[in-house]
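Visitor: I have a structure open and would like to learn how to read it. Could you walk me through some features, one at a time?

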There are 2 protein chains.
Amino acid sequence: MPAIWWSAPLAAILAILMAMVFYKKMMAASEGSERMKEIAGYVREGAMAYLWRQYKVVGFVFIALFVLFSLLALFHIQNPFVPVAFLTGGFFSGLCGYIGMKTATRASNRTAQAASEGLNRGLQVAFRSGAVMGMVVVGFGLIDICLWYLILDKLVYTPVHMAEGLSFLGMDIVSQGCTEAEKLVHITTTMLTFGMGASTQALFARVGGGIYTKAADVGADLVGKVEAGIPEDDPRNPATIADNVGDNVGDVAGMGADLYESYCGSILATAALGAAVAAQSGTFEAEQATKLVLAPMIVAGFGTFLSILGIGLVRCKEGASQKQLLRSLLTGTLGSSIFVLIALLFLIFLDFISWGVFGAVVSGLVAGVIIGQATEYYTSAEYKPTRGIAFQAQMGPATTIIDGLATGMYSAGLPVVTIVIGILCAFGFAGGFGDQAGAFAQGLYGVGFAAVGMLSTLGITLATDAYGPIADNAGGNAEMSGLPPEVRQRTDALDSLGNTTAATGKGFAIGSAALTALALLASFIEEAKIWIGKFDSGLGEGINVAEASKMSLLSFVDQYQLTIMNPLLLGGLFLGGMVAFLFCAMTMKAVGRAAGSMVEEVRRQFKDKPGIMEGKETPDYAKCVAISTAGAQREMILPSLLAIVIPVVTGLVLGIPGVMGLLAGGLATGFVLATMLNNAGGAWDNAKKYIENGAHGGKKLPDGSKNPTHGAAVIGDTVGDPCKDTSGPALNILIKLMSMVCIVFAPVIIKFSPTIQQWLGISGILQ
Amino acid sequence: MPAIWWSAPLAAILAILMAMVFYKKMMAASEGSERMKEIAGYVREGAMAYLWRQYKVVGFVFIALFVLFSLLALFHIQNPFVPVAFLTGGFFSGLCGYIGMKTATRASNRTAQAASEGLNRGLQVAFRSGAVMGMVVVGFGLIDICLWYLILDKLVYTPVHMAEGLSFLGMDIVSQGCTEAEKLVHITTTMLTFGMGASTQALFARVGGGIYTKAADVGADLVGKVEAGIPEDDPRNPATIADNVGDNVGDVAGMGADLYESYCGSILATAALGAAVAAQSGTFEAEQATKLVLAPMIVAGFGTFLSILGIGLVRCKEGASQKQLLRSLLTGTLGSSIFVLIALLFLIFLDFISWGVFGAVVSGLVAGVIIGQATEYYTSAEYKPTRGIAFQAQMGPATTIIDGLATGMYSAGLPVVTIVIGILCAFGFAGGFGDQAGAFAQGLYGVGFAAVGMLSTLGITLATDAYGPIADNAGGNAEMSGLPPEVRQRTDALDSLGNTTAATGKGFAIGSAALTALALLASFIEEAKIWIGKFDSGLGEGINVAEASKMSLLSFVDQYQLTIMNPLLLGGLFLGGMVAFLFCAMTMKAVGRAAGSMVEEVRRQFKDKPGIMEGKETPDYAKCVAISTAGAQREMILPSLLAIVIPVVTGLVLGIPGVMGLLAGGLATGFVLATMLNNAGGAWDNAKKYIENGAHGGKKLPDGSKNPTHGAAVIGDTVGDPCKDTSGPALNILIKLMSMVCIVFAPVIIKFSPTIQQWLGISGILQ
């Protein structure tokens with residue numbers, strides 16, 4: 001193993017240490033007044049109570065899947081490492097969520113206190129807390145990958161085993177006489193399955209958190225703001241604590257788990273494709289094969305070092321103006337990416353990667369920046385689309401909604417064209433369009449690497465993403481504790497500062513999700529090949545493991561007729577598109593139902609305790625928190641299970657072509673739909689804020705009555721809430737999780753689908 | 001040519017004659033009072049003025065495309081028959097629209113008058129007028145197909161030419177020594193291109209009509225109903241005539257053109273696939289090949305006879321109750337379909353079709369019925385989903401919208417699963433999963449035939465579809481002429497009777513569109529093969545025409561790497577999904593803009609002519625009609641051109657794999673999105689009606705004030721209007737038109753894309 005690989009685990013450990021340092025520094029800041037501590041205490045308790053209950057539910061699912069995978073392993077339909085790998089992926093993801101939440105809920109009152117001392121002080125505390133999240137995600141993600149690689153490489157696939165073969169629980173783990181490239185195929189495909197744990201955890205975090213936060217938000221707004229006419233975050237609103245808890249569980253824990261999954265998924269998928277390149281070429285030496293597999297981990301390690309450096313740079317400017325702060329944040333994020341490119345040049349020098357891969361990473365980064373800018377254009381009140389929605393609000397809620405929906409749909413155009421060009425460039429630069437052996441796999445390796453490049457500086461981009469919600473919560477704390485209005489103004493400024501830097505972050509997140517999903521799609525084939533070889537099934541011509549790993553991707557595609565005219569694949573394609581819509585429908589309805597219970601509870605409290613509105617009685621915050629928690633727990637189960645069950649059932653009935661169709665259809669439709677929902681929601685939100693800032697008459701008309709234009713915009717914002725904070729983000733995970741499910745269940749699908757298809761009479765298309 | 005083929009042109013001529021009879025009978029009915037004639041006159045003038053202006057715009061597009069195709073033909077990049085075929089397809093489709101509109105606008109006051117005499121009299125006049133539309137669509141569609149077949153078979157591909165070859169304008173039209181099967185491949189692929197004319201006409205009719213009708217509707221509602229508080233169809237509303245004109249141009253002319261295209265497209269695509277089956281098998285005799293090609297036309301002919309019979313049956317029950325009428329209508333539509341199955345048995349006896357094809361048709365019909373019932377379930381106020389939306393309306397407009405969106409997304413689930421199973425069954429029954437030569441083409445032939453079966457009784461299903469809008473317009477006429485309220489009640493009853501029978505019709509329309517699009521996708525390959533052979537291009541191994549038509553579909557798929565892992569195809573897939581969303585966005589925004597102008601005009605008239613509200617001044621109806629007309633004309637051009645330009649550009653850049661990806665992605669996403677938009681719109685509409693009928697407090701609260709629940713439902717309905725009447729239906733055409741564009745531009749794509757790809761460095765994936 002080349003010495004430079006150790007930079008990856010080292011970077012991971014350093015990241016975790018830095019997280020501890022940042023955490024300590026944040027905790028050292030002043031907690032503010034007793035009232036501020038009290039409010040923060042409510043939010044913290046609510047958030048932690050929610051998190052533990054979520055982990056309980058997720059725990060059951062993990063135990064069930066662990067037992068299932070263990071049984072599969074016992075019957076030799078799954079690798080015996082998979083159940084354990086699945087657990088570690090889930091465990092580390094959950095740990096990141098826990099630490100991120102613990103930090104965020106402790107940072108809100110400290111940020112509010114710091115903001116009352118000055119804007120920059122506020123930024124310091126909030127940004128440092130966001131950095132904790134960024135550091136633990138990359139740290140734990142990378143350490144998990146490195147540990148598994150070490151264990152599998154050094155302990156399982158040691159040279160002795162490769163020569164003599166190894167059985168475990170009676171299963172052929174290491175084939176006798178395994179070559180270096182074949183070994184790497186085995187190791188990477190096994191490691192891929194730990195991504196399933198991270199994906200499952202992420203899905204529950206996103207769906208549960210998304211439902212929680214929007215149920216509380218919609219409930220609080222509909223009764224508090226609309227019916228009772230009290231402002232946002234008013235302590236008289238019984239749902240206000242639940243609303244603030246929601247920001248934490250949705251925006252902090254949910255986002256962290258989401259990006260943890262993308263981060264690990266992209267590295268693992270790229271490593272697996274690297275092994276495939278080596279195995280299929282046949283001319284690659286052992287050393288070169290190892291380099292292909294290790295390169296993504298090393299790039300991630302370099303990116304982590306550079307992120308830490310970037311965070312340090314942001315931290316240094318103590319007495320800067322807001323404009324300078326923004327420049328400093330942007331320098332930190334974009335600068336880190338540029339440094340990653342320089343690091344890649346170093347890797348080219350060491351012959352770890354090719355110039356083609358470098359080109360692929362550049363394609364990915366450029367695509368991410370363009371998608372981010374397009375997002376900014378379509379959702380910021382600075383530009384025409386969002387102002388158009390505000391203009392339409394003058395004609396009432398109906399035209400506001402129509403225009404917002406249309407804007408969301410429009411906004412998918414540029415990102416899709418960008419990602420298509422990005423994929424083609426990454427594939428092409430990495431040599432995919434060449435006609436030498438293994439070119440196709442090299443192209444896909446490039447696509448995977450584009451995602452790795454985009455996510456390599458996740459440490460800092462996540463820090464700039466995560467500090468926004470912390471600032472937002474600090475604003476809530478300031479409002480409820482009755483701090484002077486300028487504190488709220490400062491936290492709002494921090495929040496909007498975060499939104500500007502977050503646009504690029506969002507572009508990277510969405511773009512990398514699409515690229516990762518595509519790399520996972522290709523990895524599914526790698527996984528499938530292994531198992532077809534193992535089963536020596538009737539599907540192929542009796543390929544054994546060694547043969548299977550040598551088989552080219554395109555030969556596999558030909559053999560299993562993964563063509564667009566195969567009705568099984570087309571059927572999968574239709575189903576994939578449908579699943580994306582169905583999943584959205586379920587999460588939206590879930591928000592509606594959970595919000596309904598919240599509305600009833602808030603109305604009941606206002607009715608039963610008339611003293612609340614006069615400020616004489618304390619509302620029962622805990623009851624609202626409990627309702628949101630229970631609602632989210634109940635509602636997250638069905639859509640999440642659906643995401644796991646549908647790919648398996650599709651695979652069993654429609655076979656490998658059906659799976660590929662499902663994943664491709666889900667990816668294409670899911671990407672467009674997620675972009676639409678995210679941007680429509682964002683645009684409605686900012687159109688409302690634009691009107692609140694005085695456009696089209698502002699909040700109140702000159703005669704003091706409510707401005708109906710603002711009312712229409714509020715309705716648009718409320719419709720957009722579940723779109724942008726529940727359904728849209730959850731779709732991002734759905735498209736990756738479905739790929740992961742197919743990868744983990746590949747042996748089951750390969751073993752049983754031929755029989756089922758024979759029985760249904762839908763097998764065999766030869767002419 | 002077998003004698004039984006003549007049943008098709010005969011049926012077509014009979015249908016046209018029957019249309020004349022029905023028209024005469026309708027015209028013989030009483031026109032009602034002077035006021036009724038006057039109102040009808042306004043609507044007729046507005047509708048005809050719109051139609052002529054639409055034809056003018058479409059005419060320019062047709063001339064431009066005719067010149068383009070002629071130039072292509074001159075340079076031997078297109079068949080010299082194509083420009084002419086393109087024109088006839090467009091001409092007959094336009095003629096159907098004209099006749100349908102002429103009938104509908106003359107029928108409205110006559111139906112109102114008849115309804116004032118009794119419910120059944122009203123049904124007679126409305127249904128007969130709808131039947132005119134049904135008859136002209138199938139009559140002109142079938143006669144166009146039969147004429148082209150006769151001309152090409154008898155005049156161009158005569159036995160003499162087949163032996164000696166034939167050149168036209170220096171182009172090799174008939175290869176020397178052409179076999180019967182090859183001849184049929186040539187004939188059918190040439191005929192396919194006339195579908196492009198019908199598709200283009202349909203797109204403009206649907207998009208233009210859809211924008212017109214919803215701009216007028218939204219404009220009339222927002223100012224008239226919401227601001228001025230006057231009821232629907234009140235003569236004081238200046239936009240009310242435009243609204244009624246809109247029902248005609250959108251629901252009558254638009255729907256007619258849409259189904260004309262599906263009808264012709266399904267027959268043509270299936271005939272082309274029949275020729276492919278024959279050419280690829282090699283063992284088929286000339287007679288059997290001819291039978292495969294003629295079978296879809298003959299089934300269409302039989303279906304037309306049976307539709308006429310069915311319409312006759314509905315006509316006979318003169319003194320029946322409403323329940324009996326409904327049963328009679330259902331007997332007519334479903335009965336005709338069952339008789340078609342019997343006719344198919346007869347064709348099996350004559351060895352025209354196989355039992356497998358029979359099974360395919362049954363699969364299609366069952367799928368159509370299930371999709372129709374699912375539509376009914378999700379959009380009727382009798383069932384939970386729509387009632388759920390009405391329930392959510394109690395919490396305000398935001399929850400109404402969220403729930404409606406979610407319901408629409410949900411509602412796509414069952415139809416997608418149904419269509420997937422339907423496709424697999426049709427493909428499987430017709431022998432697609434077999435492993436004999438040509439099995440794959442046979443399966444696709446089955447899929448095409450399933451669509452032909454569903455549309456064979458279009459004559460009667462379109463009659464039951466088209467009489468609804470006529471009854472609706474009659475209601476408007478009754479309202480504006482001040483007829484007693486029971487007349488309006490009767491026309492409303494007729495309208496809702498039509499909605500019940502139309503559910504199955506809609507299921508057939510959507511289902512057949514998906515199946516037709518799939519058959520067209522396969523036909524694209526047939527077209528491409530011919531041209532690759534003609535160009536003897538560098539793409540393949542120099543296939544000539546005779547070789548090309550023998551090449552199996554799957555060999556083509558393999559050779560051009562139409563696999564799901566080909567990044568060019570995947571890129572196309574992403575773009576296809578995006579185009580569906582973009583097209584929706586454009587049409588929705590167009591409605592918004594056109595409605596905005598209408599709102600301004602209506603407000604202006606109310607302001608400038610205060611006498612209007614008191615009933616003392618006549619509003620300027622013509623001005624509103626002119627605004628809607630101009631708006632629709634202006635707004636329809638860009639989205640329509642986009643639908644033509646995007647497939648060509650995608651094909652030129654991404655080549656054949658890109659085209660296939662685009663079409664598959666557009667089909668899958670478009671189908672789901674269209675179902676969602678149609679059903680969400682329908683559900684919002686019926687939720688509003690459900691509340692108006694008294695649920696959740698009805699229109700007004702006990703104290704006489706407006707019920708906010710009803711207000712929320714009205715907002716939902718307004719949002720749903722462009723979804724269900726503009727964007728959704730237009731998507732149905734988009735997915736077919738894009739296939740047609742690719743088929744017609746196949747030679748251009750095949751000739752130039754290799755050079756472009758070479759230049760871009762994205763050609764050649766070999767390993």
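This is a predicted model: local features need pLDDT of at least 70, side-chain atom pairs count only at pLDDT 80 or more; totals for chains, interfaces and linings use all residues.

Visitor: At what angle do helix 7 and helix 23 of chain B pack, and how far apart are their axes?

Guide: The angle is about 165 degrees, and the axes lie 9 Å apart. To find the pair, look at residues 194-228 of chain B for helix 7 and residues 708-744 of chain B for helix 23. An angle over 145 degrees counts as roughly antiparallel, so helix 7 of chain B is roughly antiparallel to helix 23 of chain B.

Visitor: How many nonpolar, polar and charged residues does that contact between helix 7 and helix 23 of chain B have?

Guide: Sorted by class, there are 15 nonpolar, six polar and five charged residues in it.

Visitor: Now for another pair: how do helix 13 and helix 14 of chain B run relative to each other?

Guide: Start with the angle again. Helix 13 (residues 397-411) and helix 14 (residues 413-429) of chain B have axes that cross at roughly 15 degrees and come within 4 Å. Angles under 35 degrees count as roughly parallel, and therefore helix 13 and helix 14 of chain B are roughly parallel to each other.

Visitor: Which residues meet there, between helix 13 and helix 14 of chain B?

Guide: From helix 13 of chain B come Met409(B), Tyr410(B) and Ser411(B), and from helix 14 of chain B come Gly413(B), Leu414(B) and Pro415(B). By class, this contact has four nonpolar, two polar and no charged residues.

Visitor: What rotation superposes chain A on chain B?

Guide: First the general idea: two copies of a chain are related by a rotation about an axis and a shift along it. Here, a rotation of 180 degrees with 0.0 Å of shift along the axis superposes chain A on chain B, with an RMSD of 0.0 Å. That is the relation of a two-fold axis. Within chain A, Thr563(A) comes closest to the rotation axis, its C-alpha being at 2.0 Å. Both copies use the same surface, as 99% of the contact residues of chain A recur in chain B.

Visitor: Let us finish with a single residue. Where is Asp251(A) found?

Guide: Asp251(A) sits in helix 8 (residues 240-281) of chain A. Its relative accessibility is 25%, so Asp251(A) counts as partly exposed. Leaving aside residues up to four places away in sequence, Asp251(A) touches Gly246(A), Pro469(A) and Asp725(A). Asp251(A) and Gly468(A) are 217 residues apart in sequence, yet 9.0 Å apart in space, C-alpha to C-alpha.

Methods. Residues are numbered from 1 along each chain as its sequence is written. Chains are lettered from A and ligands numbered from 1 in the order in which they are written. Side-chain values use heavy atoms; hydrogens and water are left out. Axes are lines fitted to C-alpha atoms, for helices over the stretch in contact, and angles run from 0 to 180 degrees between N-to-C directions. Helices (H or I, at least four residues) and strands (E, at least two) are DSSP runs, numbered from the N terminus. Angles under 35 degrees count as roughly parallel, over 145 as roughly antiparallel, 65 to 115 as roughly perpendicular and the rest as oblique. Contact means heavy atoms within 4.5 Å. Ala, Val, Leu, Ile, Met, Phe, Trp, Tyr, Cys and Pro count as nonpolar, Asp, Glu, Lys and Arg as charged, and the others, Gly among them, as polar. Copies are superposed by least squares on the C-alpha atoms of residues with pLDDT of at least 70 in both. Buried means under 20% relative accessible area, exposed over 50%, partly exposed in between (1.4 Å probe, protein chains only).
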